[in-house]
Amino acid sequence: MIRNYRDLTRLEMEQINKEETIILIPVGALEQHGNHAPLGTDDMIAEAMVEYLGQALEEAGEHNFPILAFPVIPIGLSTEHRNFCGSVTLQPDTYYHLLYDISTSLARHGFRKLAFLVCHGGNTPIVQILSRELRSQLGISPFILSSGAFSHPDVQATLTEGNIYDFHGGEMETSMVMAVNPALVKLETAEAGIPTPFVGNQTLKTAGSVTIGWISEDWKTADGKPIGIGGDPSGATAEKGNIILKTSAKVLVEGLLEIRDWQA
Ligand SMILES: [Zn+2]
């Protein structure tokens, strides 16, 4: 189990070793995840990941690992989803300053190691920019952790054959939510999405050497309706989600051990 930052008293916080303790800051989002998955999908995955990380640390024999879990930041940069019902986004500069102010507060108390657990890909660019600023301005060590090991072979093996565009709100992400709370997923309403404008392109893609500021309307159903999710969630199960969360936690624990040993 990982202790929560908010559970400590001031006296307990005064006694924490600030040099070595890693503050794990999960950065979530409140945004559409298709017809079928909850708006708070990324926050739910963030909370689950903190739990799974705690278990993985125990399994690795790390019973006193120096880490505190900061409350999940529940809203992030969801520009690409803003036109779909229910999505809430900060402006890029607001989000930068929110995370900057949290980070400098932590640094003021002496914490040196901040680990941003990114649970929504749209947050990544801001977290990257912020991390460089914090490191160069304050000399602290900001680390960036990605919550899902989606390219790991054990995770890829959970995918239904032919589901090649799996991405936001797809089978993997939906499975993770089902592992946490299956009642919140309405699979019977799920539709499959493909990045229609890019299909067949050799070079202009959603990622790679030639790209565009894509928005989630670029993901459409086979008959051309924008649905804002990538892949086919219909094969999602809680069992698959458990495998994805466990595998991702294992990968992250390897990273956390190296973060613990990191000397700035
Ligand atoms: Zn998501």
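Reader: Which residue in β3 is the bridge partner of I22?
Author: I67 is the partner of I22. This is a predicted model, where local features need pLDDT of at least 70 and side-chain atom pairs count only at pLDDT 80 or more, while totals for chains, interfaces and linings use all residues. Residues are numbered from 1 along each chain as its sequence is written, and side-chain values use heavy atoms, with hydrogens and water left out.

Reader: In which sense do β2 and β3 pair, and over how many bridges?
Author: Two strands pair if DSSP finds at least two bridges between them; helices (H or I, at least four residues) and strands (E, at least two) are DSSP runs, numbered from the N terminus. Here β2 (residues 22–27) and β3 (residues 67–69) are parallel, over three bridges. β2 also pairs with β4 (residues 113–118), again in the parallel sense, over six bridges, and I25 stands opposite F116 there.

Reader: What is the hand of the β-α-β unit made by β2, α2 and β3?
Author: Point the strands away from you: if the path from the first strand over the helix to the second runs clockwise, the crossover is right-handed. That's what β2, α2 and β3 make: a right-handed unit.

Reader: Are the faces of β2 covered or open?
Author: In a regular strand, side chains alternate between the two faces of the sheet. "Buried" is under 20% relative accessible area, exposed over 50%, partly exposed in between (1.4 Å probe, protein chains only). On β2, I22, L24 and P26 are buried on one side, and I23, I25 and V27 on the other.

Reader: Which residues coordinate the zinc ion?
Author: Donors are N, O and S atoms within 2.8 Å of the metal (3.2 Å for Na, K and Ca); water is not among the atoms, so sites may look incomplete. The zinc ion has H33 (NE2), D42 (OD) and E173 (OE), at 1.9 to 2.1 Å. D42 sits in α2 (residues 41–59) and E173 in α6 (residues 171–180), 131 residues apart, so this pair links distant parts of the chain. Both D42 and E173 are buried.

Reader: Why is α6 largely enclosed by the rest of the structure?
Author: Because eight of its ten residues are buried, among them M172 and V177. The buried residues of α6 pack against α2, α5 (153–156) and α7 (238–261).

Note on methods
Contact means heavy atoms within 4.5 Å.
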